[in-house]
Amino acid sequence: MLDIAEKYLLWGLNPLPVKSDKRPVGKWKHLQTENQKPNGQFTNCWGIAILCGKISNNLEIIDIDTKYDLTGTLFENYKQLINAADKELLKKLVVEQSSSGGYHFIYRCSIIEGNQKLAQRHTTESEKEIGGQNDVTRDLIETRGEGGYFVCDPSPKYKLISGDFSKVVEISVQERSILFDCAKALN
């Protein structure tokens with residue numbers, strides 16, 4: 001992972017070594033304002049993540065969590081809504097599949113914020129039996145922005161679907177609003 005971390009840093013992405021539970025190796029909060037210098041932590045780590053926000057040139061992602069999708073249509077419905085609003089927008093995004101079968105839409109924008117929940121659903125009764133009565137919602141679509149990070153390719157079971165981390169495009173504020181509005185429509 002050391003060579004990948006060095007490449008990511010060259011591409012303006014602040015890399016972060018992670019363990020198999022997706023938690024960072026060692027302390028990392030300071031890396032929200034300091035570039036990670038690839039070191040021995042990347043040699044023995046399970047995977048790699050990228051810090052979002054200003055430290056990675058205003059990187060933000062939309063995390064589509066299909067494991068909580070009861071219909072099996074969340075991802076396709078989201079893409080259809082985006083295409084109906086702007087036929088070119090999806091082509092601009094870097095897209096990867098996550099280890100749980102979900103997806104990440106990766107982009108840069110002049111305006112980004114902290115992590116946000118965009119679409120949720122109520123928990124089912126069987127989920128409440130496992131998680132307790134206070135277990136109210138499941139997140140379907142959320143962002144990772146300033147202060148957040150996401151595990152990415154080439155970590156185990158993460159796969160780049162389209163685009164390239166060396167060429168993450170900056171989308172307009174209006175295009176970002178389309179992504180958010182379409183996600184919120186699936187709430």
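**Close-up views of a predicted model**

View 1. The lining of the largest pocket has 5 nonpolar, 6 polar and 6 charged residues. (Nonpolar: Ala, Val, Leu, Ile, Met, Phe, Trp, Tyr, Cys and Pro; charged: Asp, Glu, Lys and Arg; polar: the others, Gly among them.) The model is predicted: local features need pLDDT of at least 70, side-chain atom pairs count only at pLDDT 80 or more, and totals for chains, interfaces and linings use all residues. Numbering starts from 1 along each chain as its sequence is written, and side-chain values use heavy atoms, without hydrogens or water.

**View 2. The largest pocket.** Its space is about 310 Å³ (the volume filled by probe spheres on grid points joined across faces, edges and corners). The lining comprises 17 residues. K22, D63, H104, R144 and Y158 lie nearest the centre. Strand 3 (59-64), strand 7 (137-144) and strand 8 (149-152) each give two or more residues to this lining. Strand 8 gives the largest share, 3 residues. (A pocket is an open set of points on a 1 Å grid over the protein atoms alone, where a 1.4 Å probe fits, with protein on both sides within 12 Å along at least five of seven lines; lining residues have an atom within 4 Å of a point. Strands, E, at least two residues, and helices, H or I, at least four, are DSSP runs numbered from the N terminus.)

View 3. Three strands run in the order 1-2-8, with antiparallel pairing (at least two DSSP bridges between two strands). Strand 1 (14-18) and strand 8 are the edges, each pairing on one side only. The twist averages 35 degrees from one strand to the next. Strand 1 pairs with strand 2 (residues 47-51) over 5 bridges, in the antiparallel sense. P15 stands opposite I50 of strand 2.

**View 4. Helix 2 against helix 5.** The axes of helix 2 (residues 74-85) and helix 5 (residues 173-184) come within 9 Å and cross at roughly 135 degrees (lines fitted to C-alpha atoms over the stretch in contact, angles from 0 to 180 degrees between N-to-C directions). The crossing of helix 2 and helix 5 is right-handed (the near helix is turned clockwise from the far one by less than a right angle).

**View 5. Two backbone details in loops.** A cis peptide bond joins D153 and P154, with omega about 15 degrees. P154 is in the loop between strand 8 and strand 9 (159-162). N57 is not a glycine, yet has a positive phi of about 55 degrees. N57 lies in the loop between strand 2 and strand 3.
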